[in-house]
Amino acid sequence: MIKAVIVEDSRLARNELKQLLKAHTDIELIGEAENVDAGFELIQKENPDLLFLDINMPEKDGFELLEMLDEVPITIFTTAFDEYAIKSFEYNALDYLLKPINEKRFALAIEKVKAKLEGNEVEEGNNTVKRLSENSQIFIKDGEKCWLVKIGSISHFEIVGNYTRVFFEDQKPMLYKSLNQVEDKLPTESFFRVNRQQIINTNFIGNVVPWFNGKLKLTMKNGEEVEVSRRQSYLFKDKMSF
């Protein structure tokens, strides 16, 4: 069963979604909320696989809810406004649905959800601190731009003052969390703290060479060079079985 929640301020729109979901018996609606704060509490408590999210809500909008979450469920935006629909599609939401929602269009969106979930890894279940998996996604808003980013597609993180810059594809947005906060959530099998300023995704390492004073120098696949501190170099060698 796919666990789903609805965050939508309109009761009529929530009822419309619930009616459409009746045709999809492999999706279980485990909760609904009419505003961002209630939606945040619901998602934290229930940990759903799928989120139907209205973008344009009073007080706080759907994007603000995604910013509040450490990990974002698979998200389908619902909106009555074309401008928001286009924007959310550019922001890498799985899909968006224009109100009133067409039944066939809804069914296509659900098929996308199933296809995406089939490729997801199972997260470790008994961690004291719940960590993200390679297939988890986070929401980043920097100025007017937003992204839903798969953890495994991020090459590295870097301190900028009290915040963290995130590197993926050709993008370098700011995440308004400290590097220590980020490190606590990352999967340890693929991310490594190379020095006080940077965390790298080991899947993006292109080359490793010895450096001065027992240190190592890494060349990332994008050509960027990263220096591993002496203390972390010993740990890195052990991790990578050098």
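Tutor: What follows is a set of questions about terms, each answered from the values and the definition.

Tutor: This is a predicted model, in which local features need pLDDT of at least 70 and side-chain atom pairs count only at pLDDT 80 or more, while totals for chains, interfaces and linings use all residues. Residues are numbered from 1 along each chain as its sequence is written, and side-chain values use heavy atoms, with hydrogens and water left out.

Student: Why does Arg-193 count as buried?

Tutor: Buried means under 20% relative accessible area, exposed means over 50%, and partly exposed lies in between, with a 1.4 Å probe and protein chains only. Arg-193 has 16% relative accessibility, so it counts as buried. For comparison with the definition, Ala-38 has 32% relative accessibility and therefore counts as partly exposed; Ala-38 lies in helix α2 (residues 36-46).

Student: Where is Arg-193 placed, and what makes its link to Glu-183 a polar contact?

Tutor: Arg-193 is in strand β11 (residues 191-193), where helices (H or I, at least four residues) and strands (E, at least two) are DSSP runs numbered from the N terminus. A polar contact is a pair of N or O atoms within 3.5 Å; within protein, one must be able to donate a hydrogen and the other to accept it, and residues adjacent in sequence count only if both atoms are side-chain atoms. The side chains of Arg-193 and Glu-183 make such a contact at 2.7 Å, and the side chain of Arg-193 also reaches the backbone oxygen of Arg-196 at 2.8 Å.

Student: Which residues does Arg-193 touch, leaving aside those up to four places away in sequence?

Tutor: Contact means heavy atoms within 4.5 Å, and the residues that Arg-193 touches on that count include Ile-159, Leu-179, Glu-183 and Gln-232.

Student: Which residues of α5 are buried, and why are they said to line one face of the helix?

Tutor: The buried residues of α5 are Phe-106, Ala-109, Ile-110 and Val-113. Seen down the axis of α5, these fall within an arc of 100°, so they line one face of the helix; the arc is that of the directions from the helix axis to the C-beta atoms. The face turned away from that buried side carries the exposed residues Lys-104, Leu-108 and Glu-118.

Student: What makes β1 largely enclosed by the rest of the structure?

Tutor: Five of the six residues of β1 are buried, so the strand is largely enclosed. Six bridges join β1 to β2, and the two run parallel; since two strands pair if DSSP finds at least two bridges between them, β1 and β2 are therefore a pair. Within this pair, Val-7 stands opposite Ala-33 in β2.

Student: Why are β13 and β15 said to stand at the edges of their sheet?

Tutor: The sheet is an open one of three strands in the order β13-β14-β15, with antiparallel pairing. β13 (205-210) and β15 (225-228) each have a single partner strand, so one side of each is left without a neighbour in the sheet. From one strand to the next the twist averages 25°. Five bridges join β13 to strand β14 (residues 216-220), and Ile-205 stands opposite Met-220 in β14.

How values were computed
Axes fitted to C-alpha atoms, helices over the stretch in contact; angles between N-to-C directions.
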